[in-house]
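Have the structure open and follow along.

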Amino acid sequence: MSVPRSVALERTLYTLAAPVLAAAPNLYPDSPVNTVVQLAGAAGVGGWVLACKSDKPGAGRKILRWSPLVAAAAIDVAARHTIGWGPWCMDALLAAGWAAAGLLVMPFCKHSRRNHRPALAAPAPAPAPQLQPAPEPSVAQPDDDADPFTRQVRWLWENRGLPGRTIVVKATPHEGMPNDLSLLLRAAEAGRPISGLTDADVAAAFGVDVTDVHIEEVVRQYGREGGPAWKHVHVTPDANERRRKAPTAREWWADRIGAAGGPVPGSEFVKEVRDKQRKVTHYIAQVPDEMGEPRVNLHALAAALKTKYDEGRLFVTVDGSQVLVSLWDSSPLAQVFHATRELLTPDKDGRWVTGYLGNGQPARNRVYTDRGAAHGLFVAPSGGGKTQLMGLHVAADALFGAVVMLATEAPDEKTAALGKHTARYGVGPLYMARLLRVLVALMEIRGEMPWEDGHVHEWDATRPGCPYRMLSAYLDEFLSAARDGLYGAEIMELAELVSVKGRKYGVGLKVAGQSIYVQDGFTQLLCENLRENCVPVVLKVAPKKVAEMFKTLGISSENTPEPLPRSFSPAEAGRIERVMRGEPEPPANSNTGGAGWIVEAKQPEVLRTLFMDFKAGLDDYFPDTIATLTDHEIRELEARGLWFDWTEPPRPGEFGPEPGDEEDSDDDAPKKGGGKRRSGGNSATRRDAVTSPRQALEAIKNLTNA
């Protein structure tokens, strides 16, 4: 085993000095050797005194280092005062014992080489000598009347190597948390910023996880510096453990929802409200103004709230910088809200309840707007609840006192039941075309009817003295009728004209169908006019068509809603057991009829429309009397040949000259049954020529020879 050079040297010195130490006092009492030994012992006593008075650690190690010199001087003095070599040769025994103690302890070499001991099990050749940097003086603060806790933390901080080259100014324990504390640190070098301190450094110093450390900037306060040379450090392992196991509502929101990358990043919890009667829990959060409008990830939010978006239990309402999250015990869209006359009766502003939003608010539509009579746009696939929705609107118009007329492209049980409560009801494209002709004529007739003050005004529901009632015309399966070979072109053209100017004469056009796409038959002008003068309702749209549908309605991509699920009923538990037993899955409850969106503002809102029980009868939803046109309006329509039984076959010349007439003697005239309507002409040409109700009426008169 190799021995360090300092150890071998110290052992040699002890071995050679022991005989001299024993012989010098006895053989040469006046020898200068004795003087040197005693001076060395005095130096050792001085080292002891300095070590005892020092506040620095390592006093015991220094005392042990000076012990050989003090012991040698004591042996030399004792030997000089004994007779001869002393009893039993005591001088020689003391010198030998001194040498043996030095050989075993070796205080000089071992204590001066602390932390530099070579590995005993794996000796290796000594490396080339290198210059070692001189140890820096300690930067631990002197006694500044700090409390005991701060002193303990300072000792620990220095013992860990002063992480980030910082010193502890103040340490504060957290009440009730034995392992939690806060530190006020400053840079060890004046005028230098703290740049190398990390969470990992602090965590390693205190033996905690990195997540339990939080470093903050220090704001300058009166009587205390601040800035980059200062840091606040919070070490909270106990608080984090409690937060993970039993967090408060605010802590849960901050960790799961408001955190960076969370469902509502940057949001701060405000309060939680439980509505026991409606069985819904509301969470209100706030986003700082500088972050702009809140960003919500519905799917991630549903996962954080331990639900699924498809269950229809979660709804979010954004109001400026505030966010309302409503979590229902069961989906409100799966409930049935029965219609009543009170809900369907319009208020003084013409608003009535169409259904209920996902957040529980009543969804309202209107029979008129500040621009005049309201139009209507109902979109839903087959079985989506379109006829139910149309029935609600028919009842609301009737309860408002409006004249209601209904035309549908094909016979239907529910529309026939609604027709019993309207002024006129019929089936087929011919009936729809005649109804639209009457609407165009009424626009001219009403434009000439004086009000009570003797003047003619545009229709206004809030202005008294109107000589006529509001008229609502419902066209069911409109696009199917607009594709009819004989009457389709005229139906589209007249509907477009009514959508442009009908509102000014109290004429509202309500169109129902399975699509509002221009490519499916709608004209762009008709779609825009209906959309801008009504509150559209879209029900049960296929997921792939949602984006295109709302784009057609003028909704921006960021406000386009997520598709609705196929069912709002939660999945039944126990599927694994059913699979293991080989049992089939229970049937899915298709309960999305009447569920969709109402588009009153820039963002569509999810709603469930009211349920009108057709099987129980509709008398309770409608007024006792059916409103009709005034006598003056009927006389004017009869004079124009437009007021008769619209279910009868086409009259001669009603839709153009008959075959054999002089006007149709041209070889290119369309023949009867040729598949083209005889009111004929290019639709684009007609649209350019007819720009007002009067021009449209003149065209009708010319076609009917009226």
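Strand E13 (residues 376–379) pairs with E17 in the parallel sense, over 4 bridges. Here two strands count as paired if DSSP finds at least two bridges between them, and the strands (E, at least two residues) and helices (H or I, at least four residues) are DSSP runs, numbered from the N terminus. This is a predicted model, in which local features need pLDDT of at least 70 and side-chain atom pairs count only at pLDDT 80 or more, while totals for chains, interfaces and linings use all residues. Residues are numbered from 1 along each chain as its sequence is written, and side-chain values use heavy atoms, with hydrogens and water left out.

Look at glycine 376 and you'll find it opposite lysine 510 in E17. E17 also runs parallel to strand E16 (residues 471–476), joined to it by 5 bridges; there, leucine 471 has valine 507 of E17 as its bridge partner.

How many residues of strand E17 are buried? It's 7 of the 7 in E17 (residues 507–513), so the strand is largely enclosed by the rest of the structure. Buried means under 20% relative accessible area, exposed over 50%, and partly exposed in between (1.4 Å probe, protein chains only). Val507, Leu509, Val511 and Gly513 point one way from E17, while Gly508, Lys510 and Ala512 point the other way.

**The antiparallel sheet**

Now for an open sheet of 4 strands, in the order E1-E2-E4-E3 and with antiparallel pairing. Strands E1 (166–174) and E3 (213–217) stand at the edges with a single partner strand each, so one side of each is left without a neighbour in the sheet. E3 pairs with strand E4 (residues 230–235) over 5 bridges, in the antiparallel sense, and glutamate 217 has lysine 231 in E4 as its bridge partner.
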